[in-house]
Every structure is written in C-alpha cells, then in structure tokens.
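Let's take a friendly walk through a protein model, one region at a time. Keep the structure open beside you as you read.

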Amino acid sequence: CWRDGSDGDMSARTAPRRFPLLGATALLMYAFLYLPLIVIVLYSFSADKVNAWPIDSYTLDWYRELRHDTQIIEGIKLSLRVGLFASLIAVVLGTLAGLAIDRLEFPGKAALRFLIVLPITLPGIVTGVALLSYFTLIHWDLSNWTIIVAHATFCITLVMNNVVGRLSQLPRHLDEASADLGATPLRTFRKITLPLIFPAIIAGAMLAFTLSFDEIVVTLFVKGRDNTLPLVIWGRVRRGLSPEVNAAASVIIAGSFIFVVLSTWLTSRSSKSS
C-alpha cells in the first residue's frame, strides 16, 4: 500500500501543470505579430485599387503589373546584390571570428565579442549616423558599396553567433584525435570542423541575407543614387498605399519567411547531428 501511495504522489508531483492563460497570451502575441502581415498579403490580391474590407473580389493583376514596374524591379535587383555581398562578407569574417572566440584564449576576448555584437544591438539610426560619419571622414563617396559594407557590419554578428553556438556543441577530442593521426590544423579544419559547422554557417548566411534585404534605416544614411526595394516601397507609401506596394511587400514577406524557415531547419538539423 505504501508503495502504491508513493507512486501516486510521485505521478502527481511530476504531472505537467497547465496554464490556460499562457496559451491565450501566446495566441494574442502571434495575432499581434502576424495579423498585419496577413492583411497586407490579402490586400495584394484585392481587385480594388483602394484598400477596403471586406475584399469583394480577388485578382493577380497587381503581381503582373509588378513585373513591369521598372523602379521596383531595379530595387529588387539592388537588394539581392547587396544582400548577397553582405552575406558573403559576413560568412568569411563571422566564421573567422567565431573560430577565434571559441578556440583561442587571448586578452580582451569578451570585449571583442561585445564589440562584434554591438552594431546589431544599437538603434539603426545610431548605426547609420556613425557609418555616414566614418565614410565622410575617409572621403568614401556614398554608393552601393557603402550599403554593402554597412549591412555587413551587423550581419557578421548573425553568422558568428551561429558558428560559436555550433562549435560549443562539438567535442574537443575530435581535433585532438585528428592531430594524433598526423593531420595539420588546416586539414583538420577542412575535413572535420568545416563540414560539422557548415549548416550553421549557411543558416547564419540566410539570416544575414534576410536582415540585409529588409533593412531600411541604416540604408537611408549610406545609400548613393540607387534605392533598394525597401526604400522604393517606403517612398511610395509616403504618397499612400497602392496595390503594387502591397504586392511588393508580400514578395518580401514570402522571401523572408522562406529564408527564416530554412535557417531554423538547418540550425536544428546541425544540433541534432551532434
């Protein structure tokens, strides 16, 4: 009898508690975050030129017109180029920084990591003003390259954090075993470390590309004559919402969603493989 009673007490103590209010709060939070995005996507299919609810009829005409909108197409091309180059720079520097922080011991290590993370934690207007002042100081004319450099400064953090997180999951004896077998540090990195952290690098690159593609505040301060897609949309929104703007925003939402999902999947996959 005592044994049965203790089992019952144990099951009662280990039974998970339920918090109905927590679930309701989570639903409200998700609704607050995603309902505006859903509304934009729905309006992009509306046949009316003026946003009105409920939507009477749906059409794909605004997406067809979007393909012939030269300003938006050029903005998309520039955003893709900037995001690609900024991500490549972030991958190289972020991976090297992650390896240094995880594998090396040196004075000022904590300060270095803080300085690398700082650009993404600062308000965008502060980062934009700082970068504009720096480019002016070194007499670098504002152009597409200044946008790339500016975006790379905060994209590095995403790649570095992913690499550091992945390296912390890897057992140290792998490098030691490789060295015992006669492999050089470079060969160990190329054959063992790089394949294991590669999914984390790609995940960080996808997040960096998404952040760069959507960035608007920093870009305003460091852009040249050309506008990225977010700046094109921002300029048109000041004159009022239009169906083409809703369609362009929906394209950004879809692309960002795909990249974030892929990045999350790669990160979870690399964690499970360890």
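Tryptophan 140 counts as partly exposed, because its relative accessibility is 36%. The cut-offs behind such labels are these: buried means under 20% relative accessible area, exposed means over 50%, and partly exposed lies in between (1.4 Å probe, protein chains only). Please keep in mind that this is a predicted model, in which local features need pLDDT of at least 70 and side-chain atom pairs count only at pLDDT 80 or more, while totals for chains, interfaces and linings use all residues. Residues are numbered from 1 along each chain as its sequence is written, and side-chain values use heavy atoms, with hydrogens and water left out.

| Pair | Centre to centre | Angle between planes | Type |
|---|---|---|---|
| Tyrosine 134 and phenylalanine 135 | 6.0 Å | 55 degrees | tilted |
| Phenylalanine 135 and tryptophan 140 | 5.3 Å | 80 degrees | edge-to-face |

Phenylalanine 135 is buried, at 1% relative accessibility, whereas tyrosine 134 is partly exposed, at 45%.

Now for the protein as a whole. It has twelve helices and zero strands; here helices (H or I, at least four residues) and strands (E, at least two) are DSSP runs, numbered from the N terminus. Of its 274 residues, 34% count as buried. Contact means heavy atoms within 4.5 Å. Among contacts between residues at least 6 apart in sequence, 73% join residues at least 24 apart.

Next, look inside. A nonpolar core is a set of buried Ala, Val, Leu, Ile, Met, Phe, Trp, Tyr and Cys residues joined through side-chain atoms within 4.5 Å. The largest one has 27 residues, and Ile116, Leu131 and Met160 are among those with the most contacts inside it. Helices α4, α6, α7, α9 and α10 each supply at least two residues of this core, and the largest share, twelve residues, comes from α7. Apart from this core lies another of twelve residues, among them Phe213 and Leu229. In soluble globular proteins, nonpolar side chains tend to be buried together.

Leucine 131 is in contact with Ala150, Thr153, Val218 and Val222, leaving aside neighbours within four places in sequence. Histidine 151 is found in helix α7. Is this histidine 151 buried or exposed? Histidine 151 is buried, because its relative accessible area is 0%. Not counting residues up to four places away in sequence, histidine 151 touches Val82, Ala86, Ser212, Glu215 and Thr219.

Helix α11 (residues 229–237) is mostly covered, with seven of its nine residues buried. Those buried in α11 include Leu229, Gly235 and Arg236.

Isoleucine 38 lies in helix α2 (residues 20–44) and is partly exposed, with a relative accessible area of 44%.

Notes:
Phe/Tyr/Trp six-rings, centres within 6.5 Å; stacked < 30°, edge-to-face > 60°.
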